[in-house]
Amino acid sequence: MRFIPRAIPSTTERSTGPEPGPEVAVRRLGAASLAWRSVVLLIGVVLVVRGTLFRQDTDWPFAPMSQFAFRTGPNDAIHSTFLEARTTADQVIVIPITPKQVGIARAEIEGQLPNIVRKPSLLSDLADSYRRLHPGKPPLEQLWLRDRVTDLYKGRAVGEHIDPIVGWPANDR
Amino acid sequence: MNPLTWLFAPVPLARVALLRRAVYLFVIIDVVFLHATGMYHGWADPVWYKPLWMGRLLHLPAASVLLVELLRWGSVAAALLALTGRLPRLTGSVVAITWIWFQYVAFAYGKVDHDRGDFVVALLVLPMIGAAAVADRRRSEAAGFALRAIQLAAIATYFLSGWAKLRFGGLEWVNSATMVRAVVRRGTVLGDQLLHIPFTLHWFQWVLLTAELLSPVIFFVGERWRRRMVAGWYGFHVVTYAGITIAFWPHLVMMLAFLPLEEYLDRWRAWRARRSILDDVSQDPATQDVGGGTAQAGVLPGTTTEGGAGNEDVVKTP
């Protein structure tokens, strides 16, 4: 890497075209420009590091990069929620929880599970979104939020079963 | 080298021009095809809205279909204008506002993704530079700073992800079943195979955490090793995508800030020029009996070649 020594006095470009000699024009910044950029960068670094060490997701973009940071024990159970629903055509279907299906992602529902269990009528919004996103399909009259549980033993999957979480309008199984 | 010299090391404006093209093209692909969640939140009931700090500070409302479409197509329009290279500060600023707000809408409904925070930095620093053309080989300290900021943000993504694993998962994270869980929940056919081969996912966790915590080393090695490390990270993302279809797309664009984009462009142009000259030579009847096709067309001015074929008048960019 070739350096242009700072002793060469210039705060603007020294030429307007390509140079035949060994040096190419360099546009330099004045002291004030160097200063404010450095300060802003430093503040950004401090905020991001603070976010990683002490803060939570709500501080985005200064949040910890916690994707996959959580530990699943080698003998834990893995949970994955999905929707089961009965349509007005009396069919029972399984609906993966994705933005295309119900307007919201699975991880987002899982992030709000306590609220949904406390207030099952929140599931009616998913039925409404489904109807709006799939106008040609029969609407949903009963929804169940279910949990597909995969059991681990020493880090290997050894079994799977399905647990009910909550239902709406009838909170049955 | 003192920190200020490193931070503001001048970089050709051509590199900024090329990086801008990649960044604004990605913005268009991202909001139209890739990152759909924000879009669907326009239909979601406001009861699901859980404002982030940023939204409370700026009093950002719950998403509506109108807001979401404005942010989405506003990003596209501003990015298209930015791609023309005109009014880069204005168009760049508009793209920054609309795209960042669109991400906010995506994240304010219970799930924050962590692959897009560093892209925010790229969108914020690129408008600071002013006009930059692909043909402009003049070097600029403002451009140098912008690229360093992007590089730092890109590496911080890896380094701080490592620290987040230690904070939330503890040292035992390396021996945990986190990768197993990811593959069980969203694995591909390839990913599922790894569930059956013992120790692969476990070993992968050791390698990943080590690489993440050592990632800042990239700033202290020579150019060749730096490029190998960049290639290594790209390789890691290819493997992760093949296994669980998660790729940190915006971040992959950021990693381009380590590479001498204008040199790659020169080499590609030189290759094309040689190809077309060879085609001409081989089709010219006058040269048929000379067994043409071995002509070394010579290196065009402004290009750098690895062998250094007498191009002392061209400055190697840092």
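Reader: Hi! Before we start, how are things numbered, and what gets counted?

Author: Residues are numbered from 1 along each chain as its sequence is written, while chains are lettered from A and ligands numbered from 1 in the order in which they are written. The model is predicted, with local features needing pLDDT of at least 70, side-chain atom pairs counting only at pLDDT 80 or more, and totals for chains, interfaces and linings using all residues; side-chain values use heavy atoms, with hydrogens and water left out.

Reader: Great. How many residues of chain A are in contact with chain B?

Author: On the chain A side, 72 residues are in contact with 76 residues of chain B. Contact here means heavy atoms within 4.5 Å.

Reader: And what area is buried between them?

Author: About 6600 Å², and carbon and sulfur atoms give 64% of that. Buried area is the accessible area (1.4 Å probe) that two parts lose on being put together, summed over both.

Reader: Which three residues of chain A supply more than any other three?

Author: That would be A:Trp60, A:Met65 and A:Phe68, which supply 14% of the area that chain A buries against chain B.

Reader: How about polar contacts across the interface, how many residue pairs?

Author: The rule finds 23 residue pairs, both residues at pLDDT 80 or more. A polar contact is a pair of N or O atoms within 3.5 Å; within protein, one must be able to donate a hydrogen and the other to accept it, and residues adjacent in sequence count only if both atoms are side-chain atoms.

Reader: Which element of chain A gives the most to that side?

Author: Helix 1 of chain A, with 10 residues. Helices (H or I, at least four residues) and strands (E, at least two) are DSSP runs, numbered from the N terminus.

Reader: Is B:Arg185 buried or exposed?

Author: B:Arg185 counts as buried, because its relative accessibility is 16%. Buried means under 20% relative accessible area, exposed over 50%, partly exposed in between (1.4 Å probe, protein chains only).

Reader: What about salt bridges inside chain B?

Author: B:Asp30 pairs with B:Arg116, with the closest N and O atoms 2.7 Å apart. B:Asp30 lies in helix 2 (residues 13-34) and B:Arg116 in the loop between helix 6 (88-107) and helix 7 (117-125) of chain B, so the pair ties together parts that are 86 residues apart in sequence. Both of these residues, B:Asp30 and B:Arg116, are buried. Salt bridges that share partners join B:Asp30, B:Asp115 and B:Arg116 into one network.

Reader: Nice. In which sense do strand 1 of chain A and strand 2 of chain B pair?

Author: The sense is parallel, over two bridges, with strand 2 of chain B covering residues 139-140. A:Val26 has B:Arg139 as its bridge partner, and A:Arg27 stands opposite B:Ser140. Two strands pair if DSSP finds at least two bridges between them.

Reader: What sheet do they form?

Author: An open sheet of three strands in the order 1(A)-2(B)-1(B), with mixed pairing.

Reader: Last topic: where are the cis peptide bonds?

Author: One joins A:Trp60 and A:Pro61, with omega about 0°, and A:Pro61 sits in the loop between helix 1 and strand 2 of chain A. The bond from A:Trp168 to A:Pro169 is also cis, with omega near -5°.

Reader: And what is phi of A:Asp90?

Author: Phi is near 65°, a positive value in a residue other than glycine. A:Asp90 counts as exposed, because its relative accessibility is 62%.

Key: Salt bridge = Lys/Arg side-chain N within 4 Å of Asp/Glu carboxyl O.
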